[in-house]
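Dear colleague,

Here is the structure I promised to pass on, with my notes on it below. Please read them beside the model.

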Amino acid sequence: SSGINAEYGQFSDLQGYYRRKTEEVATISALLAKYSDISSVSDDDRTVLNEICLDLGKIQKLLTAMDTEKDKLAHTIECNKVTLARLDILKEQLQEQQENIPKHMPTPVSKNEEVQPEQLVPQPEITKPQQQSVRFEEERPPVKTRPVPSAGSRIPSKSKKQKLTRTTKVPVINPLTTEEFKSLPKYMLGRIKYEQINSMIEELNSVTVSKYKIIDTPVNKLNSENMRRFNRMTEHPETKDTAGMVWFEVEDVKDFASVPTLVHSFNKMVPILRHCHRLRQVRAGKVERYVVLL
């Protein structure tokens, strides 16, 4: 655009120069025609004056054409400025999209990998409480029936009771989508970036898995460090809001996060995770608990 403006300025200067010269020649010609004695002018001089008048007419037409071209050039410059402004906006949008490419993109299903109707397995219906939270289940040993002793046979001795083992199904906190990120209020988002939120969600998934792995482990198999963590996690009793649900505390983030100082970033992102229905905050006495939602 700077080059176009420079050429446009030179064009205007040249046009002004010719216009001034034309006005000067026209003034001189008018003075000669008004105050000179036409009879005393020779034929050669009169011919020269007529040629000058013709040249003045041509120059006037040329200046008029130059004015038209100048207007067209000015209109073209304005259109180019509007186009450049639109290209700048498009460049900023593309750069923002490039910086905020999500790590978790759904993989497209090819035609060869499409599931056939006969391959579909009916899924059990999910009730509303199961959609909001996850309750851990206990694997119960199969019920053994006592054989009826026949005549003359011995009654088999009772085997040792099989211990109940509990395995908690820890849900996965889904990452935020780009649509959810763009819908967040600016006061809540601040300077937090899209990648930081999803990285925090990955850390929280790791924290919940590590926590319930210790809870599901028999006490006699825990080392001293994990025993300390187990005592801390079971120090406060369950409440009606967290009973049977998967949840964690800030102390769990400090114990199991890859970076101990991650708890500061977690406190800033709690409103975002609550707003997007990833967590539910529950107070149990003086302790804040965060329930994982599906």
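Arg229 and Glu225 stand four residues apart in helix H7 (residues 224-233), so about one helical turn separates them; helices here are DSSP runs of H or I with at least four residues, strands are E runs of at least two, and both are numbered from the N terminus. Their side chains meet in a salt bridge at 3.6 Å, N to O, a term that stands for a side-chain nitrogen of Lys or Arg within 4 Å of a carboxyl oxygen of Asp or Glu. Arg229 counts as buried at 17% relative accessibility, whereas Glu225, at 36%, counts as partly exposed (buried is under 20% relative accessible area, exposed over 50%, partly exposed in between, with a 1.4 Å probe and protein chains only).

Please bear in mind that this is a predicted model, in which local features need pLDDT of at least 70 and side-chain atom pairs count only at pLDDT 80 or more, while totals for chains, interfaces and linings use all residues. Residues are numbered from 1 along each chain as its sequence is written, and side-chain values use heavy atoms, with hydrogens and water left out.

A second salt bridge to look at joins Asp255 and Arg232, whose closest N and O atoms are 3.1 Å apart. Asp255 belongs to helix H8 and Arg232 to helix H7, so this pair ties together parts that are 23 residues apart in sequence. Asp255 is partly exposed, with a relative accessible area of 21%, and Arg232 is buried, at 16%. Salt bridges with shared partners join Lys211, Glu225, Arg228, Arg229, Arg232, Asp252 and Asp255 into one network.

Because Lys211 lies in helix H6 and Asp252 in helix H8, the pair ties together parts that are 41 residues apart in sequence. Both Lys211 and Asp252 are buried.

Turning to helix H9, residues 262-275, I would point you to a kink of about 45° at Met269, shortly before Pro271; the bend at a residue is the angle between axes fitted to the seven residues ending there and the seven starting there. Among the buried residues of H9 are Leu262, Phe266 and Leu273. Just after H9, His277 takes a positive phi of about 60°.

Finally, three strands form an open sheet in the order E3-E5-E4, with antiparallel pairing, where two strands pair if DSSP finds at least two bridges between them. E3 and E4 are the edge strands, each pairing on one side only.

Best regards
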